[in-house]
Amino acid sequence: MSVYFSKIHGNEALRQRIGESIAKRSHSHAYIIEGPDGSGKMTLARSIAAALSCEDKAGDTLPCGECNSCKRIFSDNFPDVTVIDSAGKATIGVDTVRRLKDDVYLSATESDYKVYILSEADKLTVQAQNALLKVLEEPPDSVVFLLLCEDSKRLLTTVKSRAQTLRMQLFSPEELSEYLEKNSSDARTLKRTSAEKFGAMIEGADGRIGAALDLCDSKRLSEITAKREAVDAVISAVTGRATYSALYDAISSLPQKRAELSESLSMVIEALRDLILIKKSPTVSLCYYFEREKATDLSSLVSLKRLCDVETLIEGALDSVLKNANVNIIMTSLISDIKKCC
Ligand SMILES: [Zn+2]
């Protein structure tokens with residue numbers, strides 16, 4: 001057995017470790033799978049469930065993805081794999097966990113294992129988590145719990161101590177870009193047809209391969225492209241010898257609504273930090289730029305002092321935006337402050 005969880009992108013070390021433990025049947029009875037939306041948590045959970053019930057014991061991939069059990073698990077149609085979510089509610093209460101506990105001690109019907117996927121474990125109330133503890137402490141041998149969450153800090157320490165935590169890998173823009181070019185024809189097409197859209201997709205994915213693949217083909221991509229273009233215009237105005245009107249146009253074209261403006265200002269700060277860092281260390285991992293060459297070129301146009309000064313001014317503006325100060329006044333004084341430090 002050599003290939004584990006082929007439906008998951010990246011995360012090689014994690015896949016190897018869990019795959020081997022399942023192949024040897026030395027896996028844990030409970031895992032917390034932590035990572036933001038689009039990082040592959042559910043795919044990993046279904047893959048673990050499929051690996052436990054896969055009928056192809058002699059093949060070189062686990063799960064095989066082709067046997068009857070694998071196919072039914074991946075299409076959410078297998079009696080021994082139960083997915084529990086909040087059904088659109090804000091929390092998952094103790095009643096849901098009580099029903100789960102009644103079910104846990106019944107034998108599996110088709111597999112050797114019963115798997116419970118709690119796809120929004122961070123919505124479990126404290127009472128629900130306490131109710132779950134007992135069964136996490138003494139689970140039947142054939143049961144595996146998979147608790148999916150964006151941030152395991154929301155889980156009780158007592159719950160965390162009874163499960164192994166698996167963190168989904170996040171990728172730098174460069175790693176994501178390289179990975180997608182190698183593995184996704186949609187991403188290759190996007191890069192060939194529009195470098196701006198490809199860049200926006202990398203930005204919007206925020207390090208998550210699943211999210212990047214979703215974005216390759218979506219309307220949301222146009223929104224992110226527009227946001228990124230506005231940020232690029234600000235960076236170009238502050239790095240070049242921009243006239244007052246170019247600076248004014250660039251900053252005025254940022255969104256006016258507070259939430260969107262703060263997001264755009266954060267992106268400008270990320271971009272400026274990339275330019276500052278690349279001046280200090282050419283191989284540093286970048287946050288905003290996915291093309292190192294572009295960041296290096298932009299960074300070479302402007303002094304370190306100016307980059308730092310502008311970054312401080314934009315941080316100040318973001319701070320005021322977040323403190324509910326008047327957006328027009330903040331942006332007008334930002335333009336004049338940047339112009340003054342030219
Ligand atoms: Zn299979």
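This is a predicted model: local features need pLDDT of at least 70, side-chain atom pairs count only at pLDDT 80 or more; totals for chains, interfaces and linings use all residues.

Biologist: Okay, how many helices and strands does the protein chain have?

Modeller: The protein chain has 16 helices and seven strands. Its C-alpha trace spans about 75 × 45 × 35 Å along the principal axes.

Biologist: And what share of the residues counts as buried?

Modeller: That's 37% of the 342 residues in the protein chain.

Biologist: Which domains does the assignment give?

Modeller: It gives domain 1 (3-167), domain 2 (171-218) and domain 3 (219-340).

Biologist: How far apart are the C-alpha centres of domain 1 and domain 3?

Modeller: Those two centres lie 42 Å apart.

Biologist: Let's switch to the strands. In what order do they sit in the open sheet?

Modeller: Five strands make up that open sheet, and the order is β4-β5-β6-β2-β7, with parallel pairing. At the edges you find β4 (81-84) and β7 (164-167), each of which pairs on one side only. On average, neighbouring strands in this sheet are turned by 20° against each other, ignoring direction.

Biologist: Can you zoom in on one pair? How many bridges join β5 to β6?

Modeller: Five bridges join strand β5 (residues 114-118) to strand β6 (residues 143-149), and the two run parallel. In β6, L146 is the residue standing opposite I117.

Biologist: Which strands does helix α2 lie across?

Modeller: Helix α2 (residues 41-53) lies across β2 (30-34), β4, β5 and β6. Relative to β6, helix α2 runs at about 170°.

Biologist: New topic: the greasy inside. How many residues are in the largest nonpolar core?

Modeller: There are 46 residues in the largest nonpolar core. Among those with the most contacts inside it are M201, V268 and L272. Helix α13 (residues 258-280) gives the largest share, eight residues.

Biologist: Why does this core lie between domain 2 and domain 3?

Modeller: Because domain 2 (171-218) and domain 3 (219-340) both give residues to this core.

Biologist: You mentioned L272. What does L272 touch?

Modeller: Leaving out residues up to four places away in sequence, L272 touches L307, V310, E311 and I314. There's also a second, separate core of 45 residues, including I117 and F145.

Biologist: Which residues other than glycine have a positive phi?

Modeller: Two to look at are N11, with phi near 50°, and R25, with phi near 55°. N11 is in the loop between β1 (3-4) and α1 (12-23), while R25 is in the loop between α1 and β2.

Biologist: Is N11 buried or exposed?

Modeller: N11 counts as buried because it has 21 C-beta neighbours inside 10 Å, and the cut-off for buried is 20 or more.

Biologist: And R25, buried or exposed?

Modeller: R25 has 9 C-beta neighbours inside 10 Å, so it counts as exposed. The cut-off there is 12 or fewer.

Biologist: Great, that helps. Thanks!

Terms used. Residues are numbered from 1 along each chain as its sequence is written. Helices (H or I, at least four residues) and strands (E, at least two) are DSSP runs, numbered from the N terminus. Domain bounds come from an automatic or database domain assignment. Two strands pair if DSSP finds at least two bridges between them. Axes are lines fitted to C-alpha atoms, for helices over the stretch in contact, and angles run from 0 to 180 degrees between N-to-C directions. Two residues are in contact if their C-beta atoms, placed from the backbone, lie within 7 Å. A nonpolar core is a set of buried Ala, Val, Leu, Ile, Met, Phe, Trp, Tyr and Cys residues joined through C-beta atoms within 7 Å.
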